[in-house]
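Hi,

Here is the structure I promised to pass on.

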Amino acid sequence: MKQNRSLFRRFLKVHFLFIFLPPIVLIFFSAFVWFSINGDSINSEDLNTLHLFYVTLLLFGLIIVAFVILSWLFFLKLQKRLARLQEVMSSSAKNNSFPKPISVQADRMDEIDQLGSSFNWMIQQLEDSRKQAYEEELLRHRLIANLSHDLRTPLTILRGHVTKLN
């Protein structure tokens, strides 16, 4: 089965873009604001550098908070998917039956969906082997019944001839 996109590679790509892109935008924005302020002939002494520092600090704080929230949401979603898979696997062990196959999104097909697909394949293999074992058990019972019949018939005939000879 071909893996389309890695779940963790996707996570890292989005989060690294989220980490690096806003500071670059912030740098360009601050340069643009600096040139626009100098272009309007506002003196640099009128520019409150402390205010600019607090705005920059606030933007970086917002970036970090957004990063933490996105990471938390990502891992919460990941945990829910893994918990659902684990629940299906453990429920079948308690009931001594095969679980129902789990749904797999073919368009996403990341590592967890591959695990679910492998789990579904394993369920199918177990069902096939149980069916084959049942058929072999029926065949064994029929074989024993036929052999006992085939052995009893000649023994009965021999017993009848021995009785006549006595």
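A quick word on terms before the findings: I call a residue buried under 20% relative accessible area, exposed over 50%, and partly exposed in between, with a 1.4 Å probe and protein chains only. Keep in mind that this is a predicted model, where local features need pLDDT of at least 70, side-chain atom pairs count only at pLDDT 80 or more, and totals for chains, interfaces and linings use all residues. Residues are numbered from 1 along each chain as its sequence is written, and side-chain values use heavy atoms, with hydrogens and water left out.

Overall picture: the chain has three helices and zero strands, giving the pattern α-α-α along the sequence. Helices (H or I, at least four residues) and strands (E, at least two) are DSSP runs, numbered from the N terminus. Of the 166 residues, 17% are buried. The accessible surface (Shrake-Rupley, 1.4 Å probe; for residues, only the protein chains shown count as cover) comes to about 13400 Å², and carbon and sulfur atoms own 68% of that. Taking contacts (heavy atoms within 4.5 Å) with a separation of 6 or more, 73% are between residues 24 or more positions apart.

Now the aromatics. Searching the whole structure gave one aromatic pair: Phe-74 with Phe-75, edge-to-face, at 5.0 Å centre to centre and 80° between the planes. The rule is ring centres of Phe, Tyr and Trp (its six-membered ring) within 6.5 Å, with planes under 30 degrees apart called stacked, over 60 edge-to-face and the rest tilted. Phe-74 counts as buried because its relative accessible area is 17%, whereas Phe-75, at 41%, is partly exposed.

Val-65, Ile-69, Leu-70, Trp-72 and Leu-73 make a nonpolar patch of about 480 Å². Patches take residues with over 30% relative accessible area and no salt bridge, joining like charges within 9 Å and nonpolar side chains (Val, Leu, Ile, Met, Phe, Trp, Tyr) within 5 Å. Leu-73 lies in helix H2, residues 49–95, and its 42% relative accessibility makes it partly exposed.

For the inside, the largest nonpolar core has five residues: Leu-85, Val-88, Ile-102, Phe-119 and Ile-123. H2 and helix H3 (111–165) are the elements that give two or more residues to it. A core here is a set of buried Ala, Val, Leu, Ile, Met, Phe, Trp, Tyr and Cys residues joined through side-chain atoms within 4.5 Å. Beyond its neighbours within four places in sequence, Phe-119 touches Val-88, Met-89 and Pro-99.

Last, the charges. There are two salt bridges, meaning a side-chain nitrogen of Lys or Arg within 4 Å of a carboxyl oxygen of Asp or Glu. One joins Asp-113 and Arg-81 at 3.3 Å, N to O. That pair links distant parts of the chain, with Asp-113 in helix H3 and Arg-81 in helix H2, 32 residues apart. Both Asp-113 and Arg-81 are buried. The other is Arg-140 with Glu-137, at 2.5 Å, N to O. These two sit about one helical turn apart because they are three residues apart in helix H3. Arg-140 is partly exposed at 40% relative accessibility, and Glu-137 is partly exposed at 33%.

Cheers
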